[in-house]
Amino acid sequence: TWAPIDRICKTAQRVSTQDLSERIGLTNTSDEVGRLAAALDSMLERIEGGFRRERQFASDASHELRTPLAAVQAIVSVTRSAPRTAGEYECALDDVASEAEQLRKMVDDLLVLARADDLSHRTEFARVDVGQLLADICDSVRPIAAAKNLVLTCTAPEGLWARADADGLIRLFLNLLDNAVKNTSQGRVSASASVQGDLIEVAVDDTGSGIALDHLDRIFDRFYRIDGSRSAGGTGLGLALAQEVARAHGGEITVSSQVGVGSKFVFRLPT
């Protein structure tokens with residue numbers, strides 16, 4: 001009886017934040033000690049996965065933050081290397097301001113992601129009219145769509161109530177609509193909200209470029225960009241942030257897409 005318990009204790013002593021690969025590995029035991037060992041192994045597996053993801057996140061964040069910082073340093077260095085005209089100084093300041101804005105957006109998104117776990121435990125969720133909130137966000141995005149000659153329609157009846165964090169839902173809706181507008185060069189963007197059973201379903205679809213199948217599984221990853229560059233001005237965190245907000249509300253986001261036809265994102269939120 002004591003041998004398995006000794007094994008559990010020795011394994012626990014070897015586990016550290018530097019090495020979470022240790023497992024108890026008891027086999028052919030179905031008694032309480034065996035079930036405890038299996039539960040502890042499962043817990044260690046989840047903790048190791050969490051540490052691995054956080055390390056990768058820290059590495060990715062450091063890499064992404066270095067890019068705009070390096071750009072600022074390069075702009076300043078080149079500008080100071082010789083006397084410049086007023087116009088050249090103004091152009092350099094505009095470039096620095098652009099990179100600073102990129103940094104601000106990224107830091108803001110990183111802070112929201114860092115607090116996503118706390119969001120799901122918040123008790124101050126309030127009654128939110130999801131339909132009215134979606135309609136308001138569509139109104140704010142419509143001028144941006146019109147500037148691209150896109151038609152933005154919104155079907156969102158009032159009275160779709162849910163207990164939620166309004167700020168979180170605003171970020172989620174803005175990210176989905178902003179992505180749809182950015183990736184649609186002609187045609188339309190549609191948003192809708194409806195009740196489906198015990199869920200509120202918010203859909204955003206477009207007639208844009210669509211997403212290739214090999215990208216679909218990764219679009220919610222942090223810092224993942226389909227075009228592989230920063231040229232579009234995004235942080236690569238928008239969809240990851242939207243997914244975390246959805247999970248914090250006990251909901252989910254799914255996507256379906258076809259290249260050259262368009263994409264549809266659906267957010268489901270428990271009423």
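Reader: Why are α5 and α6 called oblique to each other?

Author: Their axes come within 10 Å and cross at roughly 40°. Angles under 35 degrees count as roughly parallel, over 145 as roughly antiparallel, 65 to 115 as roughly perpendicular and the rest as oblique, so α5 and α6 are oblique to each other. Axes here are lines fitted to C-alpha atoms, for helices over the stretch in contact, with angles from 0 to 180 degrees between N-to-C directions. Bear in mind that this is a predicted model, where local features need pLDDT of at least 70 and side-chain atom pairs pLDDT 80 or more, while totals for chains, interfaces and linings use all residues. Residues are numbered from 1 along each chain as its sequence is written, and side-chain values use heavy atoms, leaving out hydrogens and water.

Reader: What makes α6 oblique to α8?

Author: Those two pack at about 140°, with axes 9 Å apart, which makes α6 oblique to α8 as well.

Reader: How do you know which residues of α5 and α6 meet?

Author: Contact means heavy atoms within 4.5 Å. Among the residues that meet are Leu 133, Ile 137 and Val 141 in α5, and Leu 169, Phe 173 and Leu 177 in α6. By class, this contact has 15 nonpolar, one polar and no charged residues.

Reader: Happy with that! Why is the pair of Phe 220 and Phe 265 called edge-to-face?

Author: Rings of Phe, Tyr and Trp (its six-membered ring) pair if their centres lie within 6.5 Å; planes under 30 degrees apart count as stacked, over 60 as edge-to-face and the rest as tilted. The centres of Phe 220 and Phe 265 are 6.3 Å apart and the planes stand at 85°, so the pair is edge-to-face. Phe 220 sits in the loop between α7 and α8, and Phe 265 in strand β7, 45 residues apart.

Reader: How many aromatic pairs does this rule give?

Author: Two. Phe 173 and Phe 267 form an edge-to-face pair, 6.3 Å centre to centre with 65° between the planes. Phe 173 belongs to helix α6 and Phe 267 to strand β7, 94 residues apart.

Reader: How do you know that Asn 149 is exposed?

Author: Buried means under 20% relative accessible area, exposed over 50%, partly exposed in between (1.4 Å probe, protein chains only). Asn 149 has 70%, so the residue is exposed. In contrast, Phe 173 and Phe 267 are both buried.

Definitions and conventions: Helix = DSSP H or I, 4+ residues; strand = E, 2+ residues; numbered from the N terminus. Nonpolar A, V, L, I, M, F, W, Y, C, P; charged D, E, K, R; others polar.
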